[in-house]
Amino acid sequence: MSPPRPSLALSGAFSEDHAKAYDTQFSALSGIQACMHLLTDAYLSPLPEEARILVAGAGTGAEVRYLAPRHPGWRFTLVDPSGPMLAIARRHAEAEGFADRCSFHEAYVSETPVEAHDGATSLLVSHFLTDAAARQAYFADIAARLKPGARFINVDLSTDDNAPSFAGVMGLWMDIFRLGGQTEENRANYLNAYGKQFAAHGPEQVAQMIEAGGFTPPAPVFQAALIRGWTATRA
Ligand SMILES: C[S@@+](CC[C@H](N)C(=O)[O-])C[C@H]1O[C@@H](n2cnc3c(N)ncnc32)[C@H](O)[C@@H]1O
């Protein structure tokens, strides 16, 4: 019998229903997603033509769908503890003709083989780890699967809740949600959960955790309201 999974994350939140809705649910954020993908592509593009990319928290595979056609020699390791999310990622990969360049792991990163990748992505994942030690371990698990000097891009929800600017930044985020059709009740629920059930650490803490996980000091390369992004290389 396999040992019980550590209760690391909210993988259970990405259930069958959530997975089915995921690709369209955040259409209001598509402009931000496009920017994340552009940055990811630009940062990883110097990697070799036959690079291997670890996609941590791949979900329905949005980042792979963007990268795979642009880099026909790259191979992708998609890792996600949510079976329903990963099943959709596999269907997209098959429909779009790059499934033969993907391996799919319904698992936490720590449960996957330690293989040498040239690059890694973690887009909108680590903010679900509310325990600082678990979040740092997540970055260390990614680092352990990379070659020295490999490139890593991490994008997360993170903000300094105590800063005087917090109310303004959160207000803007809620306006984006309102434009996207989220009800007042949904927005209130989000506000209640923010900083507690997810996004529990500020940007400086996240950057420190990435570095302590085994990367060079991360460069802050992106902010769109509450979303922050960093690039770093495997130390
Ligand atoms: C918001 S989705 C992001 C999916 C994809 N990266 C994207 O940009 O669309 C977050 C994903 O992280 C996964 N996840 C949650 N905790 C995780 C963990 N500890 N390790 C790896 N993936 C995790 C969830 O199952 C979910 O599929």
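Start with the largest cavity of this predicted model: its volume is about 60 Å³. By class the lining has five nonpolar and four polar residues, and no charged ones.

Next, go to the second largest cavity, at about 50 Å³. The structure holds two cavities of 30 Å³ or more. Select Leu-54, Thr-77, Val-79, His-105, Thr-112, Pro-113, Glu-115, His-117 and Arg-145 to show what lines the second largest cavity.

Now select residues 53–149. An unreviewed UniProt entry annotates this span as "domain: Methyltransferase". Color by secondary structure: the span is 36% helix and 27% strand. Its end C-alpha atoms lie 13 Å apart.

Move on to the ligand. Show the 18 residues around the ligand; Tyr-22, Gly-57, Glu-63, Asp-80 and Leu-123 come nearest. By class, the shell comprises 13 nonpolar, three polar and two charged residues.

- Tyr-22: an N or O atom of its side chain is 2.9 Å from a ligand oxygen.
- Glu-63: a polar side-chain atom lies 2.7 Å from a ligand nitrogen.
- Leu-123: a polar backbone atom is 2.9 Å from a ligand nitrogen.

Finish with the ligand surface. How much of it does the protein bury? Taken alone, the ligand exposes 600 Å², and the protein buries 97% of that.

How values were computed:
Residues numbered from 1 in each chain as written. Predicted model: local features only at pLDDT ≥ 70, side-chain atom pairs only at ≥ 80, totals over all residues. Heavy atoms only, no water. Near = heavy atom within 4 Å. Polar contact = N/O pair within 3.5 Å; in protein donor to acceptor, adjacent residues only side chain to side chain. Areas by Shrake-Rupley, 256 points an atom, 1.4 Å probe, with all protein chains shown as cover. Nonpolar A, V, L, I, M, F, W, Y, C, P; charged D, E, K, R; others polar. UniProt positions renumbered as here; feature names shortened; annotations may be inferred. Helix = DSSP H or I, 4+ residues; strand = E, 2+ residues; numbered from the N terminus. 1 Å grid on protein atoms, 1.4 Å probe; cavity = no way out; pocket = protein on both sides within 12 Å on 5 of 7 lines; lining within 4 Å. Points joined across faces, edges and corners; volume = space filled by probe spheres on them.
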